[in-house]
Amino acid sequence: MTPTNPTHSAVPSEIIDQLRAAVDGQREHLINELSALVEIPSIAWDDLDPQPVIDSAEAVAELFRSAGLDDVRILSAARPDGVEGRPAVIARREAAEGMPTVLMYAHHDVQPTGDLELWNTDPWKATEVDGRLYGRGTADDKAGIMVHLGALRAVDQVAAATGLGLTYFIEGEEEAGSPSFANFLKENRDALKADVIIVADSSNWKVGQPALTTSLRGLTAGEFEVRVLEHAVHSGVFGGPVLDAPTIAARLVSTLHDENGDVAVEGLATASSAEIDYEEADFRADANVVDGLQLAGTGSIADRLWRKPAISLIGMDITNVSLSSNTIIPMVRGKVSVRLAPGQDPALAAKAMEDHFAKQNIFGAQITYKTTEVGPSFATDTSSTAAQAKMWALEQAWNVKPVEMGLGGSIPFIGDLQEVFPDAEILVTGIEDPDTRAHSANESLHIEDFYKATLSEALLLAHLASSASNR
């Protein structure tokens, strides 16, 4: 694990102490406000009632108004198909002459709960257990909203970011793939223009060990269909000469990896090796790997997570066991998610996947594949002023040297931010940790790290304001 060397601060030690006290004074208030947001089931799925997402946007807007921002708006934009997207919140304070503007991003929509029986607590009621706050959205990403809000209050209380332009963009459909994001940016370009962009939707290395996410894998996804019959037929009468569609699909999916578990699709690239070590025992514990499972792929764990492509079968439409009958299943649909090495062109990767499925001939079954999503990778210039300031702020908040880490996941909308604001420095941060379980049952937030994340953002804002004032 290689720590960075954060820059020296332009923030006086007495201001650092005052910001620390300002964050500490909000502890109970921040948790209460976060808990109120968690109670709103703001799932942005098209087939669900949109009202909770609207309610969530209104609650977030009111929080920023109560924090002293006068320019607070709830806005939406059309998706590519013309359907209006879910509401986002923009809250702003203009920069003084000659001062930079910082845009801070989070999202107020959340994932569905999944099987409620897997939850140990009510997912829509924030519940504290052993220093963690459990509930859907406690970490991903309503805590990101509260980090922004708590830092804003702290710097205002101490007058530590005077003149700095502050813009808050709280999206309402990130978990649904941000379908209106590109249009939203273009329609609100002037309101969102910034010199530094902070995306609070990532993770730390572990509890008590902060990190700046310096690389993200890109993404492509697609849906395939396998058909062997025009309609279902009796398995006793016709079984034998015709393999059912799920069996063919299993053979099809198996072509995506070689015997070591490495991706076997021609055209998917690998990036340079990661500098951080990720011990296999730690990975197994963090990922809850079952005993005896052999890990797939070759190379270091960090490379397999962050620097090499990965393909996962994430969904399949097939007859439920409880509804099964003695018939040969004629057709099956599936969806694969493909994580791409940093630097891989997502369009070329999507074409590689399409070509791979097109050339498969498994007993002559009809096989089709269509790309449903593409998103670019991301890499941070860690020598930049903002990145170095953030590393300093993380070290001050945790009293531990932060690390630069990659992330196996993807945040496709960062590509849109880069396209619309090519001169802005983008920092990817977050409050999750390996035990957060975002997107799954028993999602939780480590409370002490949440406070430290809030302090680190306040320190960053103070640093950026002080540095700009001293130029």
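On a 1 Å grid over the protein atoms alone, a cavity is a set of points where a 1.4 Å probe fits but cannot get out, and lining residues have an atom within 4 Å of a point. Grid points are joined across faces, edges and corners, and a volume is the space filled by probe spheres set on the points.

Welcome to this predicted model, where local features need pLDDT of at least 70, side-chain atom pairs count only at pLDDT 80 or more, and totals for chains, interfaces and linings use all residues. Residues are numbered from 1 along each chain as its sequence is written, and side-chain values use heavy atoms, with hydrogens and water left out.

The chain averages a pLDDT (the predictor's confidence in each residue, from 0 to 100) of 94, and 98% of the residues score at least 70.

The model holds 2 cavities of 30 Å³ or more. Here they are side by side, with Ala, Val, Leu, Ile, Met, Phe, Trp, Tyr, Cys and Pro counted as nonpolar, Asp, Glu, Lys and Arg as charged, and the others, Gly among them, as polar.

| Cavity | Volume | Lining by class |
|---|---|---|
| Largest | about 100 Å³ | 7 nonpolar, 5 polar, 2 charged |

Of the 14 residues that line the largest cavity, Lys390, Thr429, Gly430, Ile431 and Ala453 are the closest to its centre. The second largest cavity is lined by Arg86, Ala88, Phe169, Glu171, Glu173, Ser180, Phe181 and Phe184.

Conventions: 1 Å grid on protein atoms, 1.4 Å probe; cavity = no way out; pocket = protein on both sides within 12 Å on 5 of 7 lines; lining within 4 Å.
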